[in-house]
Amino acid sequence: MPMTQDKIKKIHLIYGCITALIVIAFGVAMMVSCLDIYNSGPRPYSRESIGAKLSEMAVLIWLSAGAVVGGVVLSILLPADKEKTKAVRDEQITMQKLAAKAGTPTDTEAASIRKEKTLRKVFPAVTAVLFAALLIYPGIYLFNTNNFSGVDPTAEILAASLIVMPAAVIGLALCYLCTVLTSASLKRETAIYKQIIAERKAQPVAEEVNEKPMPINIIRWAVFGVAVVFIVIGIFNGSAQDVLTKAVKICTECIGLG
Amino acid sequence: MKKDATLNMNNDNTETIKPKTGLRKWWAEHKPTKRRIIQLYAALLTNANLKGFGNGYIYIGDAKFACVPGMNCYSCPAAAGSCPLGALQNALNATNTKLPYYIFGILLLYGFLFGRWICGFLCPFGLIQDLIYKIKTPKLKKNRFTRIASYLKYIILVVFVIIIPLLYSGKMPLPGFCKYICPSGTLLGAGGLLTNIKNENLLAMLGPLFTWKFLLLVVFLVGMVFIYRFFCRFFCPLGAIYGLFNKISLLGMNLNKSKCVDCGLCIGECLMDVKKVGDHECISCGRCVNVCPTNAITYKGPKILLAPNEVGGQPATKKPNADPCDAPGTPLPKKTKIARLVVAITMLAVLAGSLVYYNVIHKDPAPVESGGEVGNLCPDYEMPLYFEDGTIKPSDSRGKITVVNFWYIYCSACVHELKTEFPDLHTNYGDDVEIVVVHSYEEFGEDIPTWINKNLPTDAGFVHCRDGEDDPFFKSLGGTSAWPITIILDEEGVIQYKMIGSTTYEEMSEVINKLLAD
Ligand code: SF4
Ligand code: SF4
Ligand code: SF4
């Protein structure tokens, strides 16, 4: 019996949501088990303690494996068509193209356009200043070597992270705000050009491509040259030997031992 | 770009399909693409020491001198080479003695050759994420917020990979990213080693750090199910470094601006946070090649591995998930076909050769059966002293309780316990207990006595010496490649306590008190 894509996609969605819940439950159970073991006393990890937790989670483990395999079986039995690709255009380029098409604006239009352009310079500038201000204290903290005496590095790095990371997160949030505002401004400017084009039925003009080509080949081969020179110096100054020395011993940091 | 994260499943299509075509359609969409084959090949080649999974050892041969291009923990038992990110942090950590030319050169070379093509084709951790993302669940698509969040990896690069190792340079081995974040280390390194029954003793070493790293790993793994390349996009400092080279790398993506009609389909199809094809976020996965209606997007570089999808003016194939490398087009010239065959045969020969070298020719150190177990007399080895002429051996301290600790200066667990757990032994037991601190044989090009004087307490009563070539004393106690080890000998020189891994003052003093009471 042929089945509509509509129905197939609904089945896939429901199956996907169930699998998602199982995956999340599995992740949470793993984390809770790990914390349980950790809190169980000194030297808590052993084959027995881990084995006991895994057997407690057996049902969830099988369920998760079943859900993954079931997903494959479902796509074989009821294949869903691929989603149509949605176009995502660069707002800046779209605006530039429309600007070229619109030709010369009137004075009032030009004033509004200028305002938007200024705003789009102000937003990043303000963001940059705020970001830099945010980084002052973490910067001073990081470059004060007394904060990193090496007595208890984990505690020192935790303290540093608590200072650096909030600043970084606020900084990224500021950047997000900046892109939202910039995008809104681009949309307003685009709307002005659209209006000009609609009103004057302006003729398209030749599109400007004013990006200067980068002297890529020069940079490329310079990088290659520096790379080779550095590797050769590294072999002689012993930094290559250090890589080997460290790599042939189990890295206690990598695997979380110390 | 879309404003909000949305589910990628909707139901606007009402076509019907013939159920009979299910398996064939599924296979057409899911059969391994050329990119996937190269990913699997690279993962196997850079993890050719497969016998490590069986015997629980990491590979310790000279090939570890070379860094592999992708994120591939060198503490994974199968790892054939070194992780460039781990090597970079350790080199920055050692800048007090020498400048890290070698690893800078390696990163520049990989950047020049591949850029983030490595992420799409060569990195095993990228492959793992690609496969996990295939689990059938609703997916969180990219949006403006994920694009901003993609800059987080640069902050991680600066803070954890560069600043922290530099701050502790000469004081403490501290590869910040490896130690506090890296999921590749937890999954491949810890996962590969600790799940082996032969490394059961390492489990006793696990504590708060492992717990933190494990929780983080679970968050990353769950994130990878719902968000494409969750780790690569937001957290990976290695991808951040390679991304800087995307514009100049020999391999990668090329966008022909004169052909581009700015339809936006490429960016819509792309799962990474790219703004333009080939920018610093592009991993050369090739998805966009398939949807570009004017064939403006091609692979850069020689056509020997991948056809650049030149289709002689025809629109590129738009079959879902068809391999862009195999897109129909002008047939390849005979010369290219022959070259491809030669390359394929060479690649297979290299893989076969590596598998034979790592698994058959290279011999891991055999476990030394010299009875260095609790209850046995301690094996006797002569060790050169650091601060005096002459040597010392365990039997020299008969008649006294002796604590022997094995360490090396790049091991932060070792240095930490020597700074925090051992000094109290001398304070509380004075001359009743002899503390012998044995450094691993290697010289590191470091002046170890100077390092000791600068970084370890000088009034802790430590007798500093080093093991013989190839660390025979360490190995006689069951040591392989995991430091530290601590043993406590009674007055007759019999081993009464042995800890492979970090120890604590409390544990040691409990044993010493018992021995003193006897
Ligand atoms: S822990 Fe991560 S960064 Fe460090 S060596 Fe291992 S894989 Fe590389
Ligand atoms: S971003 Fe990092 S983990 Fe991801 S593929 Fe690239 S190197 Fe590997
Ligand atoms: S879809 Fe295209 S632009 Fe996006 S990562 Fe893949 S190759 Fe790069």
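Modeller: Let us begin with one pair in chain A, where Lys117(A) forms a salt bridge with Glu189(A) and the closest N and O atoms are 2.6 Å apart. This pair links distant parts of the chain, since Lys117(A) lies in helix α5 (residues 107-143) of chain A and Glu189(A) in helix α6 (residues 153-200) of chain A, 72 residues apart. Lys117(A) is partly exposed, with a relative accessible area of 35%, whereas Glu189(A) is buried, with a relative accessible area of 0%. Please keep in mind throughout that this is a predicted model.

Over all chains, the structure holds 19 salt bridges. Another of them is in chain A, between Lys53(A) and Asp36(A), with the closest N and O atoms 3.0 Å apart. Because Lys53(A) belongs to helix α2 (residues 47-56) of chain A and Asp36(A) to helix α1 (residues 5-38) of chain A, this pair ties together parts that are 17 residues apart in sequence. Here Lys53(A) counts as buried because its relative accessibility is 16%, under the cut-off of 20%, while Asp36(A), at 40% relative accessibility, counts as partly exposed.

Turning to chain B, we find that Arg116(B) forms a salt bridge with Glu281(B), and that the closest N and O atoms of this pair are 3.5 Å apart. Distant parts of the chain are linked here too, with Arg116(B) in the loop between α5 (101-113) and α6 (117-121) of chain B and Glu281(B) in the loop between α16 (265-269) and α17 (287-291) of chain B, 165 residues apart. Arg116(B) is buried, with a relative accessible area of 0%, and Glu281(B) counts as buried at 0% relative accessibility. Elsewhere in the list of pairs, salt bridges that share partners join Arg35(B), Arg36(B), Asp130(B) and Arg229(B) into one network.

Two of these arginines, Arg116(B) and Arg229(B), return in the surroundings of ligand 2, where the residues also include Met71(B), Cys119(B), Cys123(B), Gly126(B), Phe231(B), Cys232(B), Cys236(B), Leu238(B) and Gly239(B). Two or more residues of this shell come from each of α14 (230-234) and α15 (237-243) of chain B. Sorted by class, the shell around ligand 2 has 7 nonpolar, 2 polar and 2 charged residues.

Charged pairs also occur between the chains, where the count for chain B and chain A is 4 salt bridges. One of them joins Lys98(B) to Asp242(A), with the closest N and O atoms 2.8 Å apart. Taken as a whole, the contact draws 133 residues from chain B and 107 residues from chain A, and the two chains bury about 10700 Å² between them, 69% of it on carbon and sulfur atoms.

Definitions and conventions
Residues numbered from 1 in each chain as written. Chains lettered and ligands numbered in written order. Predicted model: local features only at pLDDT ≥ 70, side-chain atom pairs only at ≥ 80, totals over all residues. Heavy atoms only, no water. Contact = heavy atoms within 4.5 Å. Buried area = accessible area lost by both parts, 1.4 Å probe. Salt bridge = Lys/Arg side-chain N within 4 Å of Asp/Glu carboxyl O. Near = heavy atom within 4 Å. Helix = DSSP H or I, 4+ residues; strand = E, 2+ residues; numbered from the N terminus. Nonpolar A, V, L, I, M, F, W, Y, C, P; charged D, E, K, R; others polar. Buried < 20%, exposed > 50% of the residue type's maximum accessible area, 1.4 Å probe, protein only.
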